[in-house]
Amino acid sequence: YRCVQKNQFSGSELFQRVCHAVEGFQFYQKGGITEEVDGNTCYLYAKYDAIKPDHSAIKDVKTVADYKSGKYLKGFQHRLYCYISGAKTFDYVIAEWAEYPKLKNVYGEHYDAPEREVLQADVHHEIRECFGVLKDLGLWELYREKYCLY
């Protein structure tokens with residue numbers, strides 16, 4: 001991020017690809033919204049690695065020792081972050097290490113956000129699933145009373 005902010009695109013071709021992928025984005029911006037889910041007030045929070053100033057697109061840089069195709073799109077981060085920000089696209093920029101600090105390869109995974117109502121239903125479903133697990137494990141009260149202090 002420092003290299004991009006200083007417009008210093010030196011280094012290996014792979015490193016430069018990572019830099020160019022986030023060029024024109026703002027770094028480490030925060031976002032959050034409050035949602036009601038089944039009578040529970042939930043604050044949904046995000047800290048974006050890289051987001052367009054108009055919030056239309058997000059990029060998240062990952063570094064891994066051994067990349068497995070499709071790994072990140074199986075997760076929830078891109079759906080949650082698009083919902084919070086209103087972004088239409090989310091890209092994972094994945095830098096795979098050869099031997100630190102040398103890169104072996106750079107990969108990408110792309111997500112196009114669905115309509116807001118569809119995304120909201122998806123996010124609320126994930127929240128309900130999480131709350132259900134906490135309740136099943138007998139951790140719901142602890143979660144609400146200790147973890148959710150703020």
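Aspartate 38 counts as exposed, because its relative accessibility is 54% (exposed means over 50% relative accessible area, buried under 20% and partly exposed in between, with a 1.4 Å probe and protein chains only). This comes from a predicted model, in which local features need pLDDT of at least 70, side-chain atom pairs count only at pLDDT 80 or more, and totals for chains, interfaces and linings use all residues. Residues are numbered from 1 along each chain as its sequence is written, and side-chain values use heavy atoms, with hydrogens and water left out.

The side chain of aspartate 38 meets that of arginine 128 in a salt bridge, at 2.8 Å from N to O (a salt bridge is a side-chain nitrogen of Lys or Arg within 4 Å of a carboxyl oxygen of Asp or Glu). The two partners are 90 residues apart: aspartate 38 sits in the loop between β1 (26–37) and β2 (40–51), and arginine 128 in helix α4 (residues 116–136). Here helices (H or I, at least four residues) and strands (E, at least two) are DSSP runs, numbered from the N terminus. Arginine 128 is partly exposed, at 38% relative accessibility.

In total, the structure holds 5 salt bridges. Another of these joins glutamate 126 and arginine 79, at 3.7 Å from N to O. Glutamate 126 belongs to helix α4 and arginine 79 to helix α3 (residues 77–85), so this pair ties together parts that are 47 residues apart in sequence. Glutamate 126 is partly exposed at 28% relative accessible area, whereas arginine 79 is buried at 15% relative accessibility. Through salt bridges that share partners, Arg79, Asp122 and Glu126 form one network.
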